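Visitor: Hi, could you walk me through this one?
Guide: Happy to, have a look first.

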Amino acid sequence: MVETSITEALKNMAFRSGADFVGIIDPSCFESPEYTGNKPQDVMTNLRSVIILGVSIPCGAFDTLPKGRAEYTNTLMAGTATLRVIAFQIAKFVEKKGYKATIAPSEGSEFGYWYASRETLKADFSFKYAAYHAGLGNFGMNHLLITKDFGPKVRMTAILTDAPLDGEKNTKLPFINDACSTCMKCIKVCPAGALTAEGVIHREKCAEYMFNVLGGLRCGLCIKVCPLNRF
């Protein structure tokens, strides 16, 4: 039985707490042969639903790039902290309804811990792929999610739960955003040369630049130049 009342209540809670978008999916999409990342089912074996939460990042964080990378990184972390608080409230709410919930990390590295592979930058599963299946956006040539309302200037987190929530219906968009085929600005601006016109991302180059050249600060240039931003 789908828990529609819980679904509506947790979405309302998320928006009241500061989330800019919410999506819920059936995790079966991660079993598709087109998906090559890690699967959330390997984390929670009785997984029934994935909840995606997101906030938009203030445009001022991008305006000063590349000089303002410390400010940009700090703003991103503030978005991450905001999402953690919202996700924690929702996870507690879900468990009060008799189900289990856990929050997936939205940073590859933070507070001295590593949540993702240093070589591939892959986490336990792709939030972007989940958000795509929730109809929240599609992919750009920068391999980021291009949301319908905010472009790529967003942060996301996810909640895994065994609650059978009411997922989004008939929300499929083209996998790659149509505007990307004639743009290529993100590819030209990438200081690490990590993006290609063929749609390939060299994650090891991105990781090398971010952690060794920038000392852990985030880059953000491929987002700054994206014409799909909603500033």
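Guide: A word to begin with: buried means under 20% relative accessible area, exposed over 50%, and partly exposed in between, with a 1.4 Å probe and protein chains only. This is a predicted model, where local features need pLDDT of at least 70 and side-chain atom pairs count only at pLDDT 80 or more, while totals for chains, interfaces and linings use all residues. Residues are numbered from 1 along each chain as its sequence is written, and side-chain values use heavy atoms, with hydrogens and water left out.

Visitor: Great. Is β1 mostly covered or mostly open?
Guide: Mostly covered: 5 of the 5 residues of β1 are buried. Strands here are DSSP runs of E with at least two residues, helices are runs of H or I with at least four, and both are numbered from the N terminus.

Visitor: Which sheet order does it belong to?
Guide: The order is β1-β2-β8-β3, an open sheet of 4 strands with antiparallel pairing. β1 (21–25) and β3 (101–104) are at the edges with a single partner strand each, so one side of each has no neighbour in the sheet. From one strand to the next the twist averages 20°. Two strands pair if DSSP finds at least two bridges between them.

Visitor: How many bridges join β1 to β2?
Guide: There are 5, and the two strands run antiparallel, β2 being residues 49–56. I24 has I51 as its bridge partner in β2, and V22 has L53.

Visitor: What packs on the sheet?
Guide: Helix α3 (residues 69–96) does, touching β2, β3 and β8, and its direction makes about 25° with that of β8. Axes are lines fitted to C-alpha atoms, for helices over the stretch in contact, and angles run from 0 to 180 degrees between N-to-C directions. Contact means heavy atoms within 4.5 Å.

Visitor: Where does I159 sit?
Guide: I159 is in strand β8 (residues 154–161), and it is buried, with a relative accessible area of 0%. Leaving aside neighbours within four places in sequence, its contacts include V50, I51, L53, A87, I90 and I103. I90 is 69 residues from I159 in sequence, yet their C-alpha atoms are 8.5 Å apart.

Visitor: New topic: what volume does the largest cavity have?
Guide: About 100 Å³, and the structure holds 1 cavity of 30 Å³ or more. On a 1 Å grid over the protein atoms alone, a cavity is a set of points where a 1.4 Å probe fits but cannot get out; a pocket is an open set with protein on both sides within 12 Å along at least five of seven lines, and lining residues have an atom within 4 Å of a point. Grid points are joined across faces, edges and corners, and a volume is the space filled by probe spheres set on the points.

Visitor: Which residues line that cavity?
Guide: There are 14, with C180, C183, C186, C226 and P227 nearest its centre.

Visitor: And the second largest pocket, how much space is in it?
Guide: About 240 Å³. Its lining has 14 residues, and I25, D26, L165, G167 and K169 lie nearest its centre.

Visitor: Where is the cis peptide bond?
Guide: Between L65 and P66, with omega about 5°. P66 is in the loop between α2 (60–63) and α3.
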